[in-house]
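Grab a pencil and let's work through a protein together. Each exercise gives you a task, and the solution follows step by step.

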Amino acid sequence: MTGPIALPVPLAGFAFAGDTLDRADALRDDAEALARLWPSARVLLLDEDGRALADEAGMLSAMSGATLGGGPGASLFLGLKDGEAWFAADARHHPVDAPSRIDLRRAAAAWPAFEAGVFAMARALLHWQSATRFCSACGGAITFRRAGYIAHCTHCGKDHYPRVDPAVIVAVSDGERLLLGRQAAWPPRRYSVVAGFVEPGETLEQTVAREVLEETQVRVRHCRYLGSQPWPFPGALMLGFSAVAEPDPPQVDGELEDARWFTFEEIDAALVRDGNDDGAGLLLSPSISIARALIEHWHAGMRTRGVDAPTLAETGH
C-alpha cells in the first residue's frame, strides 16, 4: 500500500471558477446608483427554462439597459466588470426577439470563461427567485430586496437568502487505481468520481468518508481539499477532494449502477479517447466539470510518479 500521491499540478480547467465580477455588495441597497448604471449595463435575459438569449452563433446576446429601456426594476444586479454593470432578468419581462437560446452546459463549453461564469451566477439566482414564491415560515407573500438578493416576507418579516447546497466530489485512489462509478441515467460507458451532499452536523471530511462508503463500500483512510466549483443545476457548490482508500472491492446498492477501480492505463486511454471516441471503452466526465479536473489531476500525479504506462504525450495527443 503506497502513501498519498503528491499531485504537483493545481486543480484547474473547469467552468465557472475563473475570471469573475466584482459583486459590489454595497450597491445592492443604492437604487439611485443602480439606476445610473443601467443605461450602459449589460443585461442577461434568461427564459423560464434557464436558457440565455443568444445570437445566431449561440454566443451571448446581452442587451444594454438603454436598449431595453426603463430602469433596473426587478432585474437582479450581478456586479461590475471594469466599471460596467451586469444585470440578469427574466426574459418574459422584456419583449426581445433573440435568434437563439442556449443552455448553461453548452455555453460553458463554447463561451469565454467570464461570460459563462456570469451566466452561471444569473441562472442560480433566478432559479432561486422562481422557487421562492412564499415564506417558508408563515406562507406569506414574498418581495425581493437588495437588488434581488433577499426574499422578504411581507407578512411575518422574515428574510430568506439565496440557497447554496454544498456537496463533496472526490477522486478516490488506493495508491495505484482510481475509483469511478456510474449512474443508470448516464450515457453508456460514462463513469465519474464519487459525489454527494453534505448532511447537517457533518464536516466535509466526514462527508467524503460517508458518501464513498455508502455508494461503493470502499473505506477512505484520509482526504484533502483541492478546489471548488459552483454548479448551478440548480444551486450546488462542488467541493473537490482527493482521497486515499483501502483497496476494497466496490459494491453498489441503489445510488450507483456500477463502481469499479480503474488503472492508470485505462484512464490514460480514456483521456485520449475523449477527442476521438472509438465506440468502446471508458468515457469520462465532461471537460467543463470539476469531476473531470479531479480525474486529470490524479492522472497527472500518477504520471509524475513515473507510472510505466503510455502517456498522452507519447500517443501524440
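Predicted model: local features only at pLDDT ≥ 70, side-chain atom pairs only at ≥ 80, totals over all residues.

**Exercise 1. A bridge across the chain**

Task: Find the salt-bridge partner of Asp47, and work out which parts of the chain the pair ties together.

Solution: 
- Step 1. Start with the partner: Asp47 forms a salt bridge with Arg101, and their closest N and O atoms are 3.2 Å apart. The cut-off for a salt bridge is 4 Å, so this pair qualifies.
- Step 2. Now place both residues. Asp47 sits in the loop between strand 1 (42-46) and strand 2 (52-54), while Arg101 belongs to strand 6 (residues 100-102), so the bridge ties together parts that are 54 residues apart in sequence.
- Step 3. Check how covered they are. Asp47 has 6% relative accessibility and counts as buried, whereas Arg101, at 36%, counts as partly exposed.

**Exercise 2. A helix under cover**

Task: Explain why helix 6 is described as largely enclosed, and say what covers its buried residues.

Solution: 
- Step 1. Count first: seven of the 10 residues of helix 6 are buried, so the rest of the structure largely encloses this helix.
- Step 2. Name them: the buried residues are Phe264, Ile267, Asp268, Ala270, Leu271, Val272 and Arg273.
- Step 3. Look for the cover, which includes strand 11 (178-182), strand 15 (258-262) and helix 7.
- Step 4. Zoom in on one residue of helix 7, His299. His299 is buried, with a relative accessible area of 2%, and its side chain makes a polar contact with the side chain of Asp268 (2.7 Å).

**Exercise 3. A hairpin**

Task: Work out how strand 4 pairs with strand 5, and what sits between them.

Solution: 
- Step 1. Begin with burial: six of the six residues of strand 4 (residues 76-81) are buried, so strand 4 is largely enclosed by the rest of the structure.
- Step 2. Next, the pairing. Strand 4 and strand 5 (residues 84-90) run antiparallel and are joined by five bridges. One example is Leu80, whose bridge partner in strand 5 is Ala85.
- Step 3. Finally, the turn: the two strands form a hairpin with two residues between them, and Asp82 in the turn has a positive phi of about 50°.

**Exercise 4. Rings and charges**

Task: Classify the ring pairs Phe16 with Trp231 and Tyr225 with Phe241, then find two charges that sit over rings.

Solution: 
- Step 1. The structure holds nine aromatic pairs. In one of them, Phe16 and Trp231, the ring centres are 6.3 Å apart and the planes are at 50°, so the pair is tilted.
- Step 2. Phe16 lies in the segment before helix 1 (31-37) and Trp231 in strand 13 (residues 220-231), so the pair ties together parts that are 215 residues apart in sequence. Both residues are buried, and together with Phe233 they form one aromatic cluster.
- Step 3. For Tyr225 and Phe241, the centres are 5.7 Å apart and the planes are at 75°, so the pair is edge-to-face. Tyr225 is in strand 13 and Phe241 in strand 14 (residues 236-245). Tyr225 is partly exposed at 43%, while Phe241 is buried at 1%.
- Step 4. Now the charges: Arg28 lies over the face of Tyr149, 3.5 Å from the ring centre. The charged end of Lys81 sits over the ring of Phe114, 5.1 Å from its centre.

Technical notes. Residues numbered from 1 in each chain as written. Heavy atoms only, no water. Salt bridge = Lys/Arg side-chain N within 4 Å of Asp/Glu carboxyl O. Helix = DSSP H or I, 4+ residues; strand = E, 2+ residues; numbered from the N terminus. Buried < 20%, exposed > 50% of the residue type's maximum accessible area, 1.4 Å probe, protein only. Contact = heavy atoms within 4.5 Å. Polar contact = N/O pair within 3.5 Å; in protein donor to acceptor, adjacent residues only side chain to side chain. Pairing = 2+ DSSP bridges. Phe/Tyr/Trp six-rings, centres within 6.5 Å; stacked < 30°, edge-to-face > 60°. Lys NZ or Arg CZ within 6 Å of the ring centre and 35° of its normal.
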